[in-house]
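Hi everyone, thanks for making time for this one.

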Amino acid sequence: MRLRACVEKCRREEKMPSSGGANDNNVSNEDQANALAYQQTNIDESTVKEPLDLVRLSLDERVYVKLRNDRELRGKLHSYDQHLNMLLGEVEEITTIREVDEETYEEIIKSNKRNVPYLFVRGDAVTLISPHEIRS
């Protein structure tokens, strides 16, 4: 919060005319540096430098998550951590079951769908996360 106040103070100082006095600069060098750092942080919020930055940019957006054991999730990403533990909302879960018919040896694929209002996903089950829908 302090950085935001510094930025606002710097913006007000820029708009106010200078009186030419000795105490003209009410903003200390440290406050100006903090304000500059805050502005730089806001600029960097939209860039991707590390893999988890892509996940960060997907907060409050719909994501596609593929899990172990042929499970897929589509939902709104509310939060995550460095282990990719996630809290998803408005989730559609698709579980795919593959069976082999013993008589014909054909592969039978069955899909079960369910909708869940909120779902906690443990990160070690995640194999893929995408900010966009993936069609297979």
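I'll go from the overall layout to the strands, then the core, and finish with the salt bridges.

First, the ground rules. This is a predicted model, so local features need pLDDT of at least 70 and side-chain atom pairs count only at pLDDT 80 or more, while totals for chains, interfaces and linings use all residues. Residues are numbered from 1 along each chain as its sequence is written, and side-chain values use heavy atoms, with hydrogens and water left out.

Now the layout. The protein chain has 3 helices and 5 strands, where helices (H or I, at least four residues) and strands (E, at least two) are DSSP runs numbered from the N terminus. Reading from the N terminus, the order is α-α-α-β-β-β-β-β. Of the 136 residues, 25% are buried; for us buried means under 20% relative accessible area, exposed over 50%, and partly exposed in between, with a 1.4 Å probe and protein chains only. Accessible surface, from the Shrake-Rupley method with a 1.4 Å probe, comes to about 10200 Å² for the protein chain, and 49% of that belongs to carbon and sulfur atoms.

On to the strands. We call two strands paired if DSSP finds at least two bridges between them. E2 and E3 run antiparallel and are joined by 8 bridges. Their hairpin has 5 residues between the strands, and Leu84 there takes a positive phi near 65 degrees. E3 is also antiparallel to E4, with 14 bridges joining the two. That hairpin has 6 residues between its strands, and Tyr105 in the turn has a positive phi of about 60 degrees.

The largest one has 14 residues, and Val65, Leu73, Leu88, Val121 and Val126 have the most contacts inside it. The elements giving two or more residues to this core are E1 (62-67), E2 (71-80), E3 (86-100) and E4 (107-121).

By our rule, a side-chain nitrogen of Lys or Arg within 4 Å of a carboxyl oxygen of Asp or Glu, the count comes to 8 salt bridges. One of them joins Arg114 and Glu93, at 2.3 Å from N to O. Arg114 lies in strand E4 and Glu93 in strand E3, so this pair ties together parts 21 residues apart in sequence. Are the two partners buried or exposed? Glu93 is buried, at 5% relative accessible area, whereas Arg114 is partly exposed at 46%. Arg71 joins in too: Arg71, Glu93 and Arg114 are linked in a network of salt bridges.

Glu92 pairs with Lys113, with the closest N and O atoms 3.9 Å apart. Again the link is between E3 and E4, 21 residues apart. Glu92 is partly exposed at 23%, and Lys113 is exposed at 62%.

Lastly, Lys110 and Glu99 meet in a salt bridge at 3.7 Å, N to O. Lys110 is in E4 and Glu99 in E3, 11 residues apart. Lys110 is partly exposed at 41%, as is Glu99 at 36%.

That's my tour; happy to take questions.

Definitions and conventions: A nonpolar core is a set of buried Ala, Val, Leu, Ile, Met, Phe, Trp, Tyr and Cys residues joined through side-chain atoms within 4.5 Å.
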